[in-house]
There are 2 protein chains.
Amino acid sequence: MKALRVERKKLRLREIEKPTCGEEALVRVHLSGICNTDLEIAGGYAGFKGTIGHEFVGVVEESPGDAMLGQRVVGEINAGCGKCDLCKADDPRHCPNRTVLGILGRDGAHAEFLRLPLANLIAVPDLIEDEHAVFTEPLAAACGILERVKINKNSRVAVIGDGKLGLLCAQVIALSGAPVFVVGKHAEKLRIAERRGIETSLPREAAKRRREFDVVVEASGSASGFATAMELLRPRGTLVLKSTFAGADPASIDQVRLVVDEISIVGSRCGRFQPALDLLKKGAIDIDSLISEEYSLDKGVHAMERAGKKGVLKVFLRP
Amino acid sequence: MKALRVERKKLRLREIEKPTCGEEALVRVHLSGICNTDLEIAGGYAGFKGTIGHEFVGVVEESPGDAMLGQRVVGEINAGCGKCDLCKADDPRHCPNRTVLGILGRDGAHAEFLRLPLANLIAVPDLIEDEHAVFTEPLAAACGILERVKINKNSRVAVIGDGKLGLLCAQVIALSGAPVFVVGKHAEKLRIAERRGIETSLPREAAKRRREFDVVVEASGSASGFATAMELLRPRGTLVLKSTFAGADPASIDQVRLVVDEISIVGSRCGRFQPALDLLKKGAIDIDSLISEEYSLDKGVHAMERAGKKGVLKVFLRP
């Protein structure tokens with residue numbers, strides 16, 4: 001089968017052996033989405049070797065006991081060991097021995113087939129088209145913020161970054177009734193938020209809102225975005241970190257400011273899939289505006305280049 | 001009057017004019033305590049110029065309308081503007097225009113007299129001797145952790161640092177019923193915690209407890225302490241930062257680890273005085289073991305040197 005792989009620090013489309021299901025499920029991939037993490041991994045982040053990609057929708061083609069056979073599914077990307085305290089506490093996402101689809105020790109979704117434990121798969125309601133279902137994973141990551149931080153209609157929230165993740169975060173948080181303020185560098189991307197009634201600003205003007213926000217979500221993945229986030233945060237406010245700054249060495253955080261202003265920083269990576277599927281089913285999120293381009297998997301290397309260009313949002317791969 | 005001052009980057013004992021009360025209260029200082037922050041300020045932290053010191057007990061000598069006259073008091077060190085949103089929300093500790101006793105725009109406590117707004121003063125119950133009352137401010141800072149982070153008897157808590165602040169934090173947290181584990185470099189200081197039934201360890205052995213703790217309090221103020229704190233923290237755990245690393249440039253925090261392990265970092269500076277006074281009144285905290293030496297204010301410069309020596313805990317100044 002075809003697979004988009006990182007091998008010897010190079011991104012290549014390769015023909016590899018089709019996996020067998022073994023004790024897991026074998027999923028035929030219908031559509032996969034390129035995430036910024038894929039670009040970072042191709043650039044060397046996390047030292048991953050193998051098939052990249054973790055956003056997908058597909059159909060179960062083989063499985064132990066034929067469970068879920070023919071079912072259209074999306075999949076939770078972390079596969080825990082099932083034995084450690086965290087797995088037993090139903091938190092395989094933080095299992096120290098976990099594998100992560102296309103990120104850590106497990107081949108990913110930019111391929112004709114992928115494998116995941118049956119327990120990771122979730123049926124996709126018929127109402128949700130493939131192009132939206134692919135967004136389940138990043139939307140779950142946005143919803144994950146609400147698992148970690150209390151936000152209600154009185155919370156003043158800013159989101160830094162107008163990329164795919166920032167725009168998903170902003171929309172999810174706005175559904176809680178909180179007034180949301182998105183800071184980004186691209187007028188045309190900010191317009192996507194504005195169409196949902198969300199206030200936006202270029203970074204220059206955002207400086208006027210210094211120390212105004214209870215919660216600031218850093219979703220830009222840039223050092224300047226981080227600086228803006230800290231600027232907008234009020235004393236005793238909460239900074240939510242959504243991005244793994246791949247390029248940067250451990251970025252600098254002003255610890256004196258953290259202590260003196262009694263700021264909280266909350267790292268947030270992934271979230272549960274069910275709330276995301278519920279939102280997609282309700283059509284509560286503008287997904288269509290976040291889709292830029294689609295390529296056949298054959299053109300995977302080119303598609304990755306496109307996904308890294310300014311102004312490009314989600315790029316799909318179709319095997 | 002005599003005052004221990006930082007002027008032109010030098011620490012000196014000087015004769016200055018005795019302040020008048022004006023619209024505030026004038027307090028005759030009975031006893032003041034040297035905090036690590038004083039040492040940092042003398043080293044250039046925060047660019048403060050004036051009389052240093054913020055831990056004190058004294059008696060109100062003059063005040064508008066003779067309020068609290070003759071009353072023995074301690075004092076909340078942050079004086080807000082009284083007009084901004086934060087002050088109106090009863091949080092002058094974070095007022096952007098605040099002054100802070102001996103730290104920011106306001107002469108401090110290592111002097112014969114100091115001034116504070118009447119609203120900042122709290123009467124000291126007769127049961128509490130001066131030598132214990134001086135600890136109200138640092139003990140309040142330790143209690144402040146419980147304002148910011150949920151800790152109960154099931155929380156696994158580690159405290160990094162066996163200095164005055166670390167030992168106060170450990171004792172306060174232990175009172176909540178949580179098992180506390182103190183990591184420090186000085187066997188004789190660790191023994192103070194052990195006498196309270198608190199488990200302790202040298203850093204070398206602490207490495208065995210990797211990723212075991214729900215909450216880790218960094219109270220060492222050192223880069224190695226910070227690294228140990230991160231090591232001991234479990235995924236989704238909370239790191240409480242108590243120290244303002246004065247010497248260091250903005251210290252490095254591994255943002256990738258924060259996001260991947262979904263860690264929270266909570267900055268904690270000061271706390272309310274009343275819970276601290278309550279603990280002192282009950283004799284719930286071993287304060288005596290934390291007192292090392294006492295000097296007359298005349299010997300202030302020497303006392304500051306002593307306070308900076310290894311193995312020395314609290315040093316008092318008596319005007």
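A salt bridge here is a side-chain nitrogen of Lys or Arg within 4 Å of a carboxyl oxygen of Asp or Glu. With that rule, a search of the whole structure, over all chains, gives 52 salt bridges.

A word on the ground rules. This is a predicted model, where local features need pLDDT of at least 70, side-chain atom pairs count only at pLDDT 80 or more, and totals for chains, interfaces and linings use all residues. Side-chain values use heavy atoms, with hydrogens and water left out, residues are numbered from 1 along each chain as its sequence is written, and chains are lettered from A, ligands numbered from 1, in the order in which they are written.

Let's start in chain A. A:Arg236 forms a salt bridge with A:Glu262. Their closest N and O atoms are 2.7 Å apart. Why does this pair tie parts together? A:Arg236 sits in strand β15 (residues 233-241), while A:Glu262 sits in the loop between α9 (255-260) and β16 (264-267), so the bridge joins parts 26 residues apart in sequence. Those labels are DSSP runs, numbered from the N terminus: helices are H or I with at least four residues, strands are E with at least two.

Now, buried or exposed? Buried means under 20% relative accessible area, exposed means over 50%, and partly exposed lies in between, with a 1.4 Å probe and protein chains only. A:Glu262 is buried, at 0%. A:Arg236 is partly exposed, at 22%.

Chain A also has a network. Which residues are linked in it by salt bridges? They are A:Arg5, A:Glu7, A:Arg12, A:Arg14 and A:Asp107.

Over to chain B. B:Glu7 pairs with B:Arg14 in a salt bridge, closest N and O atoms 2.9 Å apart. B:Glu7 is buried, at 14%. B:Arg14 is partly exposed, at 31%.

Next, B:Lys18 and B:Glu61. Their salt bridge has its closest N and O atoms 3.7 Å apart. B:Lys18 is in the loop between β2 (10-15) and β3 (25-34), and B:Glu61 is in strand β5 (residues 55-62), so this pair ties together parts 43 residues apart in sequence. B:Lys18 is partly exposed at 36%. B:Glu61 is partly exposed at 29%.

Last, the two chains together. A rotation of 180 degrees, with 0.0 Å of shift along its axis, superposes chain A on chain B, RMSD 0.0 Å. The copies are thus related as by a two-fold rotation axis.

How values were computed. Least-squares fit on C-alpha atoms with pLDDT ≥ 70 in both.
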